[in-house]
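Please open the structure in a viewer and keep the selection tool at hand.

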Amino acid sequence: MDCMIKIYRHESVLGFYKGMSFPIASIGMVNSVLFGVYSNTLQALTSTSHQDRRAQLPSYTCIFIAGCTGGFLQAYSLAPFDIIKVRLQNQTESRVRPGSPLPRYQGPMHCAATILREEGFRGLFRGSGALMLRDTPTLGLYFITYEGLCYQYTPTGQQPSSTTVLVAGGFAGIASWITATPFDVIKARMQMGGVKQKAYKGMLDCIVTSFRQEGLGVFFRGFTINSARAFPVNAVTFLSYEYLLRMWG
Ligand SMILES: C[N+](C)(C)CCCC[C@H](N)C(=O)O
């Protein structure tokens, strides 16, 4: 609440939408990598189509491997867009008034160009190791939760109802965000390395420094807001996925 009030006072309602244009433009592509790789890997592992898998749930190991593969590849397609979002969101100066100095990054394209100029191409992938660790196992868990709940609450052989898909998708989102939060904190700190504070020597240095300075609680920053956001976002994501597969599958 304190964070919300301060953002509103300092940056007005626009502060809540900071850094959103790139994520909105890229989310379709990033999700199609995740869901496309997941579905195709599962198909390759089990030789069954999406429809067949409704009658007989593949093993949780296969679902986990397919989810992790999707998560791994998603992390690398997300990395350059995500670092721009994080850099812009961390730029907390009030909106520019005449005479005040320009912010370091003046928008997403300017931010991308500045990172490329100052930190090189690899700069766009700063923190991508932590992003990969955040997304690989937790997206395995994401699909296990989703498929498991759908299977549990759907009569054999039938398609899950929209309500089942919404609830299973929502819980899948919560399960994966709860487990992803510690690495989400590290990822964001690595991505900000060199901008506001000294750059970390590596992921381990970031984990140890953060723990020493702020204690164990640091790894759960943003936990409540991440989980609250996860339910509606992932309920709608899975409903769209199921509908699109039924229409075109
Ligand atoms: C793995 N981790 C929990 C980090 C992300 C899960 C991605 C699901 C969805 N795009 C979302 O933004 O909630």
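Begin by selecting Phe 35, Tyr 38, Tyr 142, Phe 143, Tyr 146 and Phe 238, the residues with the most contacts inside the largest nonpolar core, which has 18 residues. Such a core is a set of buried Ala, Val, Leu, Ile, Met, Phe, Trp, Tyr and Cys residues joined through side-chain atoms within 4.5 Å; buried means under 20% relative accessible area, with a 1.4 Å probe and protein chains only. This is a predicted model, in which local features need pLDDT of at least 70 and side-chain atom pairs count only at pLDDT 80 or more, while totals for chains, interfaces and linings use all residues. Residues are numbered from 1 along each chain as its sequence is written, and side-chain values use heavy atoms, with hydrogens and water left out.

Next, colour the elements that give two or more residues to this core: helix 2 (21–46), helix 4 (60–89), helix 6 (128–152), helix 7 (162–192) and helix 9 (223–248). Helices are DSSP runs of H or I with at least four residues, numbered from the N terminus. Helix 6 provides the largest share of the core, five residues. At least three core residues come from each of domain 1 (1–126) and domain 2 (157–248), with bounds taken from an automatic or database domain assignment.

Now centre on Tyr 146. Leaving aside neighbours within four places in sequence, Tyr 146 is in contact (heavy atoms within 4.5 Å) with Arg 54, Val 165, Ala 168, Gly 169, Ala 172, Phe 238 and Glu 242.

A pocket is an open set of points on a 1 Å grid over the protein atoms alone, with protein on both sides within 12 Å along at least five of seven lines; lining residues have an atom within 4 Å of a point. Helix 7 gives the most to this lining, with eight residues. Where does the largest pocket lie? Domain 1 and domain 2 both give residues to the lining, so the pocket lies between them.

Finally, select Leu 42, His 50, Arg 53, Arg 54, Leu 57, Pro 58 and Glu 147, which line the largest cavity, a set of points where a 1.4 Å probe fits but cannot get out.

Conventions: Buried means under 20% relative accessible area, exposed over 50%, partly exposed in between (1.4 Å probe, protein chains only).
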